Amino acid sequence: MKAVLDHVGIAVKDLPAALAFYRDALGLNVEAPEEVVSQRVRAHFIPVGESSLELLEATAPDSPIAKYIENRGPGLHHITLRVDDINAALTQLRARGARLIDERPRPGAEGALVAFVHPASAHGVLVELKQLAAHQSPAPSPQSPRLRSHTGTASSGEARQSAEGATAAVPGPMAGDSRVQRFSVGDIELVSLCDGFFRLDGGSMFGIVPKTLWSAKAPADERNRIVLAMRPLVVRGMRTMIIDAGLGDDTSEKFRERYGVDRTRHLDHTLAEAGLSVDDIAIVLATHLHVDHAGGFTVRDAAGRVRPRFPRAQYVVRRGEWDDAAHPNARNRASYVADNYLPLADAGVLQLVDDDQTIMPGVKVRRTGGHTRHHQIVLIESGGKKAAFVADMMPTQAHVEDAWISSFDLYPTDTLSAKEQLAKEAVEKDILVFFEHDPAVAAGYIREQDGERRVVPAPG
Ligand SMILES: [Zn+2]
Ligand SMILES: [Zn+2]
């Protein structure tokens, strides 16, 4: 493809000092600033030949630029390449396995189309692609209106969110999106929550897939760990249900250090943000009882007693999973913590289910096995629309390809068959798939093209 450098975005902490360098010391001409209210950003353009430098100054502490500087310090924020055909550019990048933040172009300023490429695929640099609107001329002239469409000037709400997502993705392995996102499937509302993030060995998460392949999709930290989110899902239909509940707060300092646990924002925060409290939950449904799914089922009170966290809820667990968790062996012991589930039986709130069955109207479970012998996924259907909460069968969107199976899985060939079945259904029936551990994407649609699968994120 043919690409021209449009501009280079630089995150600036101290504007007067930056102007003292770029304007005074270098003697460059700085244009009048443009304020982008939705992004809490002020942009100062400095033409340099055919391209520009763009000094980005945060106007509020919650600005994406302020967050970027907080995480990485001031400096290079993004580069923008102008292309003739942004769709062709995205197709070419996708075919080469590049990780895209925007699967499809979105509107930028002045009718331009823009799309971001993840820094993991661009060797640490956030790359914005831009295609000018048909009426725009690529050669700027002093009289023409501004032709640029930098990170800050997206105007629609959705575009704003994507731009924030793009900025949030910049700090590398630390980045994660903990926003509450709402989806609807017929009459059922689905609210994706977040219990924070943790880190697991990247090699273990991708099984036989070599690091040269997986690290392009999930960058590893200095200890070879990748970031995973914990995203319980609230299902609001005839009753209010939560599927899984994250890690909870009853972990040791050693555990949190080893697994890089970051629960700065956790389930209580996101529940509240969704307008819910623990009292609103009538059903807690477990996909399986691993600590990163069932840790939030219970809480320890001031007296040190462990009790159900959702006081009005019935807890629905698959009987086989319950039995296996109650009798762990050397291979799976590290994944189970008895305090997460045994107290539920004592409190009389436990319901064991044996078969694939309907838990409430429109919501049923399907045993997949694989990850654990009785691991189950949740299928949701209403008004002709479908969604699937696939838990550890396909923990992140990077696991969408058949062979990308975690070596934590006890029966990987069972994971494989369950995944083949679900992926086929998802493509044919347009199922909205929820990725419980994906650090960036809560849900998306699986698409297949030339034998390759990919996920198109769904805006929440
Ligand atoms: Zn698990
Ligand atoms: Zn898990």
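Two strands are said to pair if DSSP finds at least two bridges between them. Helices (H or I, at least four residues) and strands (E, at least two) are DSSP runs, numbered from the N terminus. In this predicted model, local features need pLDDT of at least 70 and side-chain atom pairs count only at pLDDT 80 or more, whereas totals for chains, interfaces and linings use all residues. Residues are numbered from 1 along each chain as its sequence is written, chains are lettered from A and ligands numbered from 1 in the order in which they are written, and side-chain values use heavy atoms, with hydrogens and water left out.

The chain contains 12 helices and 26 strands. Of its 460 residues, 52% are buried, a term that denotes under 20% relative accessible area, with exposed over 50% and partly exposed in between (1.4 Å probe, protein chains only). Contacts are heavy atoms within 4.5 Å; among those between residues at least 6 apart in sequence, 64% join residues at least 24 apart. The chain exposes about 19,800 Å², of which carbon and sulfur atoms supply 51%.

Strand β20 (residues 358-360) pairs with β21 in the antiparallel sense over two bridges, and Thr358 stands opposite Lys364 in β21. The two strands form a hairpin with two residues between them, and Gly362 in the turn has a positive phi of about 85 degrees. β21 also pairs with β22, in the antiparallel sense over five bridges; here Arg367 is found opposite Gln376 in β22.

The zinc ion (ligand 1) is coordinated by His288 (NE2), His290 (ND1), His371 (NE2) and Asp392 (OD), at 2.1 to 2.2 Å. Donors are N, O and S atoms within 2.8 Å of the metal (3.2 Å for Na, K and Ca), and water is not among the atoms, so sites may look incomplete. Along the chain, the donors of this ion follow the spacing H-x1-H-x80-H-x20-D. His371 lies in the loop between β21 (363-367) and β22 (376-382), and Asp392, 21 residues apart from it, in the loop between β23 (385-389) and α12 (412-429), so that the pair links distant parts of the chain. His371 counts as buried because its relative accessibility is 5%, and Asp392 is likewise buried, at 7%.

The arrangement around the zinc ion (ligand 1) is irregular because its four donor atoms subtend angles of 85 to 174 degrees. Four donors count as tetrahedral if all angles lie between 85 and 135 degrees; four count as square planar and six as octahedral if opposite donors are over 155 degrees apart and all others between 65 and 115, and anything else is irregular. Asp392 also coordinates the zinc ion (ligand 2), which is 3.4 Å from the zinc ion (ligand 1).

Note on methods:
Accessible areas come from the Shrake-Rupley method with a 1.4 Å probe; for residues, only the protein chains shown count as cover.
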